[in-house]
Amino acid sequence: VVKYTPAAGGATSEIPAAAVKEISWGDGGQFRLAVSHYNAERYTAALDVIRKSRDRGPREFWYGPYKPILEGMCLVRLKRYEEALPLLDKAIATYPNSFYVISAIEHSAEAHRALGQFEKAAEVFAKLDPKGNYANPAATEPYGKLWQLRGRIGVAEALIQVPGKQAEAGAVYGGLASVCEQILAAPSAGFRGVLVEIQDIYQRSLAGKAQVLLKTGKSKEAREWIARYAKASGKELS
C-alpha cells in the first residue's frame, strides 16, 4: 500500500502498490517552468511564476529553501538587490544544511558587492568555508575544496576594497596562493576537471597579494609576487 497526499492539498489516501504506474513530485511543476524561464534569461517571467506558487509544499526540506532562493536569484539578475537580500539571507540562516544554500551564498555575496557593501560581502563569501580550512589541501568540509577556494577568493577580493582590511586580504591571498600551488603541483583525480579554475584562482591570488604589498609600500616584496604571477601566467616580467 502506498500513502498519497495530493500536492494541492487534501486528505491522505492509500493506493494498492500494484495500481501505481508512475511516481512524480506534484510540487515541482511550477519550479521547472520558473527554471526554464531563468535559464533563458527571462527573469521577470520566472519571478512571476515563483510568486504565484504556494508558500509551502509537501516536501518542506526541499520546497522551503528552494522557493526563496530561486526568487532571490531572479531578483539579483534583475539588479533588485535590496529585495533579494532578505530572501537569500533568511534561507542561509534557516536552511544551513541544504544543498541549495551554496547558490544563496553566492547570490547574496554578489548582491552585497553590487551595493558596495564589501565587508558584508566578505562575511557572506566566508560561509562557503565556515571552518576556515581553505589553506589545508586535505580539509574539504562542508562543501568541498573548490567551493572553499571560490569563497576565499571572494573574501579577499571584497576585503581589499575595505579601508583598513588590506592586511587581512593579503593574508587570505597568500594562503590561497600556497594551497593552489600545492594542488596544481600534484593534482589528485578529484581536481582534474577544475584545474583551469584553480589556476585562475592561483593567478588572482598572486596578483592580489602583490597589489596589497604595493598599497602598503612594500615594493620589493610586491615585485617578488609579481614575478610569481608572471611565471604562473606565462608572461614576461618587465
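Start with helix 8 (residues 166-185) and helix 9 (residues 195-215): in this predicted model, their axes come within 8 Å and cross at roughly 145 degrees. Helix 8 goes past helix 9 in a left-handed crossing. On the helix 8 side, the residues making the contact include Ala169, Gly170, Tyr173, Gly174, Leu176 and Ala177, with Cys180, Ile183 and Leu184 also among them. Helix 9 answers with a set that includes Leu195, Ile198, Ile201, Tyr202, Leu206 and Val212, and its Arg204, Lys209 and Lys215 take part too. Sort the residues of this contact by type and you get 13 nonpolar, 6 polar and 4 charged.

Now move back along the chain to another pair. Helix 4 (residues 81-94) and helix 5 have axes that come within 9 Å and cross at roughly 145 degrees, and this crossing is left-handed. From helix 4, Tyr81, Leu85, Leu88, Asp89 and Ile92 meet a group in helix 5 that includes Val101, Ala104, Ile105, Ser108 and Ala111. By type, the residues of this contact come to 9 nonpolar, 3 polar and 1 charged.

Running over residues 101-114, it has 14 residues and reaches 20 Å from its first C-alpha to its last, close to the 20 Å expected at 1.5 Å a residue. Which of its residues are buried? Val101, Ile102, Ala104, Ile105, His107, Ser108, Ala109, Ala111 and His112 are. His107 and His112 also turn up among the residues that meet helix 4. After helix 5 comes Gly116, with a positive phi near 80 degrees.

For a contrast, go to helix 1 (residues 29-39), where you'll find Arg32. Arg32 counts as exposed because its relative accessibility is 57%, and the cut-off for exposed is over 50%. Its C-alpha is 9.8 Å from that of Ala46, a residue 14 places away in sequence.

Finally, zoom out to the whole protein chain. It has 10 helices and 2 strands, and reading from the N terminus the order is β-β-α-α-α-α-α-α-α-α-α-α. Of its 238 residues, 40% count as buried. The chain exposes about 13,100 Å², with carbon and sulfur atoms supplying 53% of that. Among contacts between residues at least 6 apart in sequence, 48% join residues at least 24 apart.

Definitions and conventions:
Residues are numbered from 1 along each chain as its sequence is written. This is a predicted model: local features need pLDDT of at least 70, side-chain atom pairs count only at pLDDT 80 or more; totals for chains, interfaces and linings use all residues. Side-chain values use heavy atoms; hydrogens and water are left out. Helices (H or I, at least four residues) and strands (E, at least two) are DSSP runs, numbered from the N terminus. Buried means under 20% relative accessible area, exposed over 50%, partly exposed in between (1.4 Å probe, protein chains only). Contact means heavy atoms within 4.5 Å. Accessible areas come from the Shrake-Rupley method with a 1.4 Å probe; for residues, only the protein chains shown count as cover. The expected span of a helix is 1.5 Å times one less than its number of residues. Axes are lines fitted to C-alpha atoms, for helices over the stretch in contact, and angles run from 0 to 180 degrees between N-to-C directions. A crossing is left-handed if the near helix is turned anticlockwise from the far one by less than a right angle, and right-handed if clockwise. Ala, Val, Leu, Ile, Met, Phe, Trp, Tyr, Cys and Pro count as nonpolar, Asp, Glu, Lys and Arg as charged, and the others, Gly among them, as polar.
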